[in-house]
Amino acid sequence: MTSKKTAPRKSPTPPAAAPRRDRSALPRGNGGETQQQAGGGHPVMTTAQGIALADNQNSLRPTARGPTLLEDFILREKITHFDHERIPERIVHARGSAAHGYFELTKSLAKFTTARLLTEKGVRTPVFTRFSTVAGGAGSVDTPRDVRGFAVKFYTQQGNWDLVGNNIPVFFIQDAMKFPDLVHAVKMEPDRGWPQAGSAHDTFWDFVSLMPESMHMIMWAMSDRTIPRSLRMIEGFGVHSFRLLDAEGKSTFAKFHWRPKLGIQSTVWDEAVKLQAADNDFHRRDLWEAIDAGDFPEWEFAVQLFTEAEAEAFPFDHLDPTKLVPEELVPLQVIGRMVLDRNPDNLFAETEQVAFCPANIVPGIDFSNDPLLQGRLFSYLDTQLSRLGGPNFHQIPINAPKCPFANHQRDGHMQMDVPKGRVAYEPSSLDPESPRASRADGFRHFAEAADDGRKGRLRPASFADHYSQARMFLHSQSAPEQAHMASALVFELSKVGTAHVREAIVGHLRNIDEELAQRVADGLGLAALPPAPEPAAPVVDLPLSPALRIIDRMKDTLQGRCIGILVADGSDAAGLAALAKAAKKAGAQVKVVAPKLSIRLSDGKPFDADGQLAGTPSALFDAVASVLSLEAAEALKDEAAAVDWFRDAFGHLKAIAACQGTRMILKAGGIKPDAGVVDPKEIDAFLALAKTRQWKREPKLRTLA
Ligand code: HDD
């Protein structure tokens, strides 16, 4: 048998020789090249239990490439804490900015109350104040059209008093029973998850169209109050009537007001929209930077005081939170001031964990029967139990009273104290130091005579007039402000997809003012005015309250305002310096913007701008100026960011100081200079214009409803 010679089998191509894995551990042991060690000024890093760490880079493994061991208590502690870094955000008012400061009483109310913070003139009470938007989540933007929360925690010697108000003196609803419905309607729609922070959507307007009591607040929400220029420039209101009680228990009603030292100021709507893109943190940053620079925001604290008998004579029920007490009817008495002079050290520990509660009140102040306030007395503590994880959140430093406090409450999640002794009850005979109630110092309620009516789910007939104060508010505004309200209504309703909702709102507007209804109907393109619903009470013409305007009451000052100056390579160094110096001297802040961050001015010296042109739009400033060489202006007139800079400043009714070169850019933007546009050499004229907006310009460049 011949055997076939088989060709020797080719061995498969050997794989490229695998490099032998380095099985050693790098860095060896617990140390490494990148490992930063304690020493010098650096303290030793420890676990939360105080165990010092040798290595903050590597988790524990049996071998360098082995699995991580469950035994690694350091890794587990670190990751566990990280996993729980976020707590549920507030269901409303989630996005907030806050600051520490003090309240100083300048006029004693000793005749009316025993509350020491309102009687001891000159005494400074520490405060923590948090401002917020209402509808948006914690990560939303600062400048949507929205009500602003204005919550002040006074750490008084008699315990904490929280005045949890808004920048608007009235509210959408009369009874707390409707609050969840209101909030569900205004927050993002639950199926689609938008809008994130605004009221311009169907569910909000559907709800309010069916709640005529919201119409007064709607007028405020559509006014310029809901698009503030700065948190330092908003008013604050306790909204409800409260009671002040004297030593005999006699009651006087009180309404609380905060009035900003810088005056009230708002943005224009297009500017607010653009600010959302330019700087999500516009208000938060402004507050922080002002305090950081020692430019401490300040508010006057004022009260309106009236007796039960005086209240009986008002043409509205002051217990109805959709009504305000005009200052022309009950004047404001300024009794103190609040200064915010310290930024929080930590946003989470303070601004997030602070828990305001309208039920936190001190002896000498008491609640009224306002049904919205009565419901609030329950809601805040309840929500905080879950938001802050249990009943001991009053021990968190930002919430703890700054006066002694003691009781028999014990245990629970996150107990931080170590209460001593056997006695955690009262009455007791075993511990002479255990806390007891005090008739002399304790909180006493107003001894109100109880009604002899019948129990039920009731709404007083005196709450029935939903339109008269809405009408009074509208007619008290200046002409530009009324136009802004009509335009805001058109904008918001134009985002509502459901025709019958849009029409229902216009119907309500007819009960407030036929002309306003017509303006909005025209803006929406309605063929005819929809029918007005039958008001539950006759609509009456109340005396006007010019104190409710913004425009005529703006302060004639550059304090708190920021002037943006555009420069480029070759800009006149002396001209820039003169303008900046004069503006600062007049109280304004100055920021210099340039196409590139580092440029050279006419003196040949390098100059660092505060902002780069495309990233620093003019919406961020209250007035703008430019000092440009003709060559630089020639180049910038074809640059969209430069043209938009001036077009927006002009559109937002700002004063403009425009040099010869800049006029080319204005021309490229189609801007016809008016009396609000001057030469940068006319410094005084420019700074005078910069104190306000050029309201006369508005009708010429924007179709107002
Ligand atoms: Fe409220 C927070 C203001 C009605 C229930 N509210 C909250 C905050 C402010 C207000 C400023 C944020 C506080 C902070 O910065 O932490 N709320 C008002 C005003 C109201 C009002 C001025 C009407 C005059 N609120 C209101 C009603 C209810 C609530 C009728 C419920 C019955 N509010 C809450 C709440 C919040 C809250 C759910 C959310 C987070 C929190 O309390 O701590 O409990």
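Helices (H or I, at least four residues) and strands (E, at least two) are DSSP runs, numbered from the N terminus. The model is predicted: local features need pLDDT of at least 70, side-chain atom pairs count only at pLDDT 80 or more, and totals for chains, interfaces and linings use all residues. Residues are numbered from 1 along each chain as its sequence is written.

An unreviewed UniProt entry places the feature "active site" at His93 and Asn166. The two are spread over 74 residues of sequence, yet cluster in space, with a largest C-alpha distance of 10.4 Å. UniProt positions follow the numbering used here, feature names are shortened, and annotations may be inferred rather than shown by experiment.

Asn166 lies in strand 4 (residues 159–166). His93 is found in the loop between helix 1 (73–83) and strand 1 (96–105). A residue is buried if 20 or more other C-beta atoms, placed from the backbone, lie within 10 Å of its own, exposed if 12 or fewer, and partly exposed in between. Asn166 is buried because it has 24 C-beta neighbours inside 10 Å. His93 has 22 and is therefore buried. Contact requires C-beta atoms, placed from the backbone, within 7 Å. Beyond four places in sequence, the contacts of His93 are Ser132, Val134 and Gly149. With the same exclusion, those of Asn166 include Gly149 and Phe237.

The unreviewed entry also lists a "binding site", including Tyr380 and Arg387. Tyr380 is partly exposed, with 18 other C-beta atoms within 10 Å. Arg387 has 17 and so counts as partly exposed. Leaving out residues up to four places away in sequence, Arg387 touches Ile87, Pro88 and Arg90.

Key:
Contact = placed C-beta atoms within 7 Å.
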